[in-house]
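Here is a brief report on one protein model and its ligand. Look over the structure first, then read on.

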Amino acid sequence: MKRIAIVGGGITGLTTAYYLQKEIKEKGLPFEVKLYEASDRLGGMIHTERRDGFTIERGPDSLLARKPSVFRLIEDVGLQDKLVDVAAGKAYVLANEKLHGIPQGSFMGIPTQITPFALSSLFSPIGKLRAAGDLVKSKSKPQEDQSLGHFFRNRLGDEVVENLIEPLLGGVYSGDLDRLSLMATFPNFYNMEQEHGSLIKGLRKSRGKQPKNKKKPSVFKTLETGLGSLVDAVVDQLDEGTIEQGTSVDHIEKKENSYHLMLGTGEVAGADSIVLTTPHYACQRMLTQYDFMDPLRDMPATSVANVAMAFDQSAIEKDVDGTGFLVSRNSDYRITACTWTHKKWPHTTPDGKALLRAYVGKPNDQEVVNQSDEEIREIVLKDINKIMNITQPPEFTVITRWRNSRAQYTVGHKERIHNIKQSMSSELPGVFLAGASFEGLGVPDCIDQGEQAVEDVLEFLQD
Ligand code: FAD
């Protein structure tokens with residue numbers, strides 16, 4: 001019997017365990033799977049809390065509809081009838097102390113329709129003219145990699161970057177656009193520029209003609225039972241005894257034809273193949289004896305705090321119609337975004353109530369995450385009140401600190417990960433890396449990596 005060890009019980013590790021056991025059963029393979037999770041909770045960053053009739057997502061809440069793997073997993077575990085679309089509604093950017101609607105037709109902040117962009121109050125006439133320069137500017141010289149900030153500033157100018165692209169992408173990556181890698185995040189934008197000489201033209205071509213007056217498919221979906229129910233459903237499908245909870249893997253030693261995992265419990269477990277799905281720094285700590293892992297120790301990660309506040313609807317005197325707003329970096333605010341969750345996902349909130357979800361922890365304001373609950377609550381309320389006029393205190397507040405949770409794919413990330421994986425395949429055959437620190441941090445990207453790990457492990461063990 002060959003033993004497969006999965007380290008980490010977030011969505012990447014659970015997906016890996018689930019599809020491995022499915023293959024093992026379907027093909028009658030002589031393999032067994034063990035998953036080690038350090039904490040007493042499964043799901044990692046996916047964490048749904050239910051309270052007083054509210055469904056509160058402490059971590060992710062939105063699944064990008066155009067990425068199929070997560071919907072395949074949802075269907076495989078029988079939750080497809082729990083999928084709901086995001087409610088239609090306007091999203092805003094807060095810039096210069098005012099809310100501005102995100103111009104229609106912009107994709108990740110890049111304009112694809114001229115009129116809404118030209119009419120937008122988010123940019124000055126000079127900013128708009130500069131962005132239109134993308135249509136006539138020649139393409140840049142080919143480059144191995146560059147920062148997202150450098151790339152977008154060159155194509156569209158500083159104003160569009162600061163007022164739209166940075167708030168959108170900064171929200172996803174919780175990082176500094178001027179350090180994040182273009183090739184590790186949006187290589188397709190680089191290819192578009194190189195092929196069409198213009199980002200706007202390239203994007204318009206790739207998206208094709210958008211049908212007019214036709215209901216657009218929703219961009220995001222979620223589960224009405226909370227994303228934690230996906231974790232529960234996957235866990236339910238695993239064979240009994242697969243998961244060792246409250247069991248960290250502290251160190252890994254290579255033996256002649258197998259590996260030893262030193263567990264936090266003091267025990268030693270054996271494995272023929274290992275999938276590491278923990279944050280990058282934890283992977284490096286398990287394998288400190290290998291210098292090729294050092295870049296994972298040096299790879300930065302940022303922290304954020306997610307602040308959910310429940311109100312009686314009557315507490316919100318000045319309401320805004322829409323799903324929420326992002327904050328531009330040059331605004332004098334400490335929150336980076338606020339979702340009007342009761343409007344974006346109405347199923348999360350009882351009638352007559354409101355649920356707001358804000359974030360703090362800009363790249364240059366990391367210390368806020370360490371402030372007390374009371375202080376964070378005051379910071380968030382003060383900022384939100386500049387926009388909304390809330391007249392009563394929240395009925396309750398749920399603050400979740402995600403420390404070092406946002407792996408920063410800085411310039412050169414793709415190459416560094418490629419090199420580590422190459423060294424791993426020669427020095428640690430049968431050990432694989434997957435998860436949010438490596439090749440995409442959205443839930444669907446993590447599931448893709450889990451599926452890839454299943455293929456890699458099976459190929460290795462059946463060789
Ligand atoms: P994790 O969830 O971090 O799981 C890793 C697991 O490894 C953890 O459970 C940890 O306890 C365990 N572990 C660590 N060290 C050890 C060890 N030594 N031994 C054993 N176990 C160990 N994505 C989206 O697609 N949409 C969103 O709306 C979205 N919003 C987000 C909002 C927030 C606040 C956060 C934090 C993330 C969000 N994401 C979103 C990103 C997405 O949730 C994560 O990237 C993804 O869930 C990560 O899954 P993972 O399994 O790779 O890692």
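A polar contact here is a pair of N or O atoms within 3.5 Å. The model is predicted. Glutamate 37 uses its side chain instead, with a polar atom 2.7 Å from a ligand oxygen. The protein covers 88% of the 1,000 Å² of accessible area that the ligand has on its own.

## The shell around the ligand

The ligand is surrounded by 35 residues. Thr12, Glu37, Ser62, Leu441 and Val443 are the closest. By type, the shell holds 18 nonpolar, 14 polar and 3 charged residues.

Which elements each supply at least two residues of this shell? They are helix H1 (11-27), strand S2 (31-37), helix H11 (280-286), strand S21 and helix H16 (443-462). H16 gives the largest share, 3 residues.

## The seven-stranded sheet

Strand S21 also belongs to an open sheet of 7 strands, ordered S8-S7-S18-S19-S20-S17-S21. Pairing is mixed. From one strand to the next, the twist averages 25°.

Strands S7 (residues 91-95) and S18 (residues 324-327) run parallel, joined by 4 bridges. In one of these strands, S18, glycine 324 is the bridge partner of alanine 91. Helix H6 (residues 158-173) packs on the sheet and touches S7, S17 (301-312), S18 and S21. The direction of H6 makes about 110° with that of S7.

Key:
Residues numbered from 1 in each chain as written. Predicted model: local features only at pLDDT ≥ 70, side-chain atom pairs only at ≥ 80, totals over all residues. Heavy atoms only, no water. Pairing = 2+ DSSP bridges. Axes fitted to C-alpha atoms, helices over the stretch in contact; angles between N-to-C directions. Contact = heavy atoms within 4.5 Å. Near = heavy atom within 4 Å. Polar contact = N/O pair within 3.5 Å; in protein donor to acceptor, adjacent residues only side chain to side chain. Areas by Shrake-Rupley, 256 points an atom, 1.4 Å probe, with all protein chains shown as cover. Nonpolar A, V, L, I, M, F, W, Y, C, P; charged D, E, K, R; others polar.
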